[in-house]
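Dear colleague,

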Amino acid sequence: MKRVKLALSSALIVVAGLASAGPSGEFSTYVYETKSGMTNVVVAFSGDGVTQEAQLDLTFDQGLSVVKAEPLVGGAVCVANPDVHGLRAVPPSGAGKALSTKGTDVCKFSLARAPSLAKSFKASSSISVRLSECASANGDVGACQSSVHDVSE
């Protein structure tokens, strides 16, 4: 009986581990101020050996306006929606293969700061994550890990 309980417990642990093992790539967002008063947002992505598709939606504060949204790697989608103060970064599709586990800069957004914003403006607190999603080939969809870093000098 003791062996049966041990085997059952081990099986449950394995099943629980498999259930939670979905895609979990990682977005890293780097925000910094330039000397000219621009706020730059660079989005990087690193895969997990499973994720084939990913998307990151960010929001930016009132008083910032989008000047430019540019892809930093071929096939990336980088768009801004000023109406909802949103930025979207989508790495190139894995198209049947897992995305690289090496961190890759995907998009760069340049935002202008309105003169009305206080001089105590902090770039990192002006950007936040709205949605971070990863998907694998078998249809598993889950939250990607995501972080925002202020790298202003």
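**Salt bridges and sheet**

Lys68 is partly exposed, with a relative accessible area of 43% (buried means under 20%, exposed over 50%, partly exposed in between, with a 1.4 Å probe and protein chains only). Its salt-bridge partner is Glu70, with 3.9 Å between the closest N and O atoms; Glu70 is partly exposed as well, at 23%. A salt bridge here is a side-chain nitrogen of Lys or Arg within 4 Å of a carboxyl oxygen of Asp or Glu, and the count comes to 3.

This is a predicted model, in which local features need pLDDT of at least 70 and side-chain atom pairs count only at pLDDT 80 or more, while totals for chains, interfaces and linings use all residues. Residues are numbered from 1 along each chain as its sequence is written, and side-chain values use heavy atoms, with hydrogens and water left out.

Glu33 and Arg113 form a salt bridge at 2.8 Å, N to O. Glu33 lies in strand β1 (residues 26-33) and Arg113 in strand β7 (residues 104-113), so the pair ties together parts 80 residues apart in sequence. Strands are DSSP runs of E, at least two residues, numbered from the N terminus.

Arg88 and Asp57 also form a salt bridge, at 2.7 Å between the closest N and O atoms. Because Arg88 lies in β6 and Asp57 in β3 (residues 51-60), this pair links parts 31 residues apart in sequence. Asp57 is buried at 8%, whereas Arg88 is partly exposed at 34%.

An open sheet of 5 strands runs in the order β5-β6-β3-β8-β9, with antiparallel pairing (two strands pair if DSSP finds at least two bridges between them). Its edge strands are β5 (77-81) and β9 (141-143).

Kind regards

Conventions. Helices (H or I, at least four residues) and strands (E, at least two) are DSSP runs, numbered from the N terminus.
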